[in-house]
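Work through the following exercises with the sequence and the model side by side.

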Amino acid sequence: MRRSVFIASLTALTVMGLGGIVAEHKSFAAGAQEKPASTAEVKIDNFVFGPAAITVTVGTTVTWINRDDIPHTVVSTEKLFKSKVLDTDEKFSFTFTKPGEYPYFCSIHPKMTGKVVVQ
Amino acid sequence: MGRNTKDEILHDHNHDGVDRRGFLKCMAWAGTGAFCVMQGGVLKSYSMSRLAEMNPRDMIGELSFVQISDSHMGFNKAANPDVAATLQAAVAKINSLSTPPEFLLHTGDISHLSKPEEFDGVEQILKSASAKDVFYVPGEHDVLNDDGKGYLDRFGKGAQPGGWYSFEKKGVHFVGLVNVMNLKAGGLGTLGHDQLEWLEKDVKHLKSSTPIVVFAHIPLWTVYPDWGWGTEDSAQALAYLKKFGSVTVLNGHIHQTMQKVEGNVTFHTACSTAFPQPKPGEAPSPGPMKVPAEQLRSVLGITDVNYVRGQNALAVVDSTLA
């Protein structure tokens, strides 16, 4: 191939490649700014955590809200998180920063159990 | 005790001193205001309407006390917006008993959220009761913060560090147990190793003829495990009490009366003075059950207990607030 064409091709490829990389960076940066932090909600009612098992991504903040007419708590069985006593309409939030399975229960009514799976 | 009328049931088909048919009829009557008297191992049931005709000797014992339970001071939702008023009605009921009780047992859930002002409120109202001594055991609502420090500081004087204790009245041995601490996920009530060890020693040297009364918040028999209505390690506690001829177990937690007789042991749960709860399995959950306002006091109540020396078991009588 003629050298000038070669250089041109190389340059074109590089520009395309760089462009591609830049484009990727751009979209990555844009994505990080546009995507909101993940949240999830668990409603407590009738002595039940609903849903009892949820799956969320790392970095998600889960909020439990007590809609029952009796107080409840949210306590990790591995003691990783523990709410104060939640009366009706009170909330508790916890942000899961590591993947894993997080079983929890209500320490007042221990038959109430739930699980957060973080992927 | 003589008269054998159609209201008396005397059945001892198995010849073991346990009147099962009478007991079953008694269970059916319990909601409509009947009382059961166990004398010499035979259960007799009478309707409350016949109370006036009863031989007073059958009613008055040597020791009389009242159990109240589940006052939930601080609760203010639809099932009962004024739990202080219904507790006051319970005190009025206590004060109207023909045989004044010597003391009260409160089987827990004194407060709703373990708040000091809630404990204060109950103590204040109970000051108007004819019986001045009140013996408490905690419910799960009483130990919500700091491993129950608020409850133990207030009511734990003279008790073991975990809140359990015993005392004697007129030759009857009373044991207050705590089965609402350190509850495990998916579990029931629990007594724990330390408390069981203490119980074994506490009753070891008592004569088997000593009547025993055990009181604790969560039932010491498995009423309904799906709702947590039971105690995981109560069998061990009952094993230590096997030698005794008369054991009465008084519990709360389920907000309705229930009785079970097993050999020498009579299990009994009391009504709440705050709000009723559904019968096992008759609702999606065991939470507060709303009834029409005019019916509320008819599903709340107190329990009157009488001991007559020489009789095998204690007479346990439930009555509603209206």
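A residue counts as buried if 20 or more other C-beta atoms lie within 10 Å of its own, as exposed if 12 or fewer do, and as partly exposed in between, with the C-beta atoms placed from the backbone. This is a predicted model, in which local features need pLDDT of at least 70 and side-chain atom pairs count only at pLDDT 80 or more, while totals for chains, interfaces and linings use all residues. Residues are numbered from 1 along each chain as its sequence is written, and chains are lettered from A and ligands numbered from 1 in the order in which they are written.

**Exercise 1. The two chains**

Task: state how many helices and strands chain B has, what part of chain B counts as buried, and then treat chain A in the same way.

Solution. Helices (H or I, at least four residues) and strands (E, at least two) are taken as DSSP runs numbered from the N terminus. On this basis chain B has seven helices and 13 strands, and 45% of its 322 residues count as buried. Chain A contains one helix and eight strands, which follow the pattern α-β-β-β-β-β-β-β-β when read along the sequence, and buried residues make up 24% of its 119 residues.

The next step concerns contacts, where two residues are in contact if their C-beta atoms, placed from the backbone, lie within 7 Å. Among contacts in chain B between residues at least 6 apart in sequence, 68% join residues at least 24 apart; for chain A, the corresponding share is 46%.

**Exercise 2. Where the chains meet**

Task: determine how many residues each chain gives to the contact, and divide the chain A side by residue class.

Solution. Chain A contributes 18 residues and chain B contributes 17 residues. The side of chain A that touches chain B consists of nine nonpolar, five polar and four charged residues, where Ala, Val, Leu, Ile, Met, Phe, Trp, Tyr, Cys and Pro count as nonpolar, Asp, Glu, Lys and Arg as charged, and the others, Gly among them, as polar.

**Exercise 3. The largest nonpolar core**

Task: identify which residues touch the most other members of the largest nonpolar core, and which helix gives the most to this core.

Solution. A nonpolar core is a set of buried Ala, Val, Leu, Ile, Met, Phe, Trp, Tyr and Cys residues joined through C-beta atoms within 7 Å. The largest one has 81 residues, and those touching the most other members are B:L104, B:L177, B:V213, B:V214, B:F215, B:A216 and B:V249. Helix 3 (residues 83–95) of chain B gives the most to this core, with five residues. Taking B:V214 as an example, and leaving aside its neighbours within four places in sequence, one finds it in contact with B:V175, B:L177, B:L220, B:V247 and B:V249.

**Exercise 4. A helix pair in chain B**

Task: describe how helix 3 and helix 4 of chain B are arranged, and name the residues that make their contact.

Solution. Two packed helices are described by the angle between their axes and the distance between the axes. Axes are lines fitted to C-alpha atoms, for helices over the stretch in contact, and angles run from 0 to 180 degrees between N-to-C directions. The axes of helix 3 of chain B and helix 4 (residues 116–126) of chain B come within 10 Å and cross at roughly 30 degrees. Helix 3 of chain B is therefore roughly parallel to helix 4 of chain B, since angles under 35 degrees count as roughly parallel, over 145 as roughly antiparallel, 65 to 115 as roughly perpendicular and the rest as oblique. The contact is formed by B:A84, B:L87, B:Q88 and B:V91 of helix 3 of chain B together with B:G121, B:V122, B:I125 and B:L126 of helix 4 of chain B. These residues divide into six nonpolar, two polar and no charged.

**Exercise 5. Backbone details and exposed residues**

Task: locate the cis peptide bond, and decide whether A:D89 and B:D146 are buried or exposed.

Solution. The cis peptide bond joins A:G50 and A:P51, with omega about 0 degrees, and A:P51 is found in the loop between strand 2 (48–50) and strand 3 (53–56) of chain A. A:D89, in the loop between strand 5 (75–76) and strand 6 (91–96) of chain A, has a positive phi of about 75 degrees although it is not a glycine. A:D89 counts as exposed because it has 9 C-beta neighbours inside 10 Å. B:D146, which is also not a glycine, has a positive phi of about 50 degrees, and B:D146 is exposed, with 11 other C-beta atoms within 10 Å.
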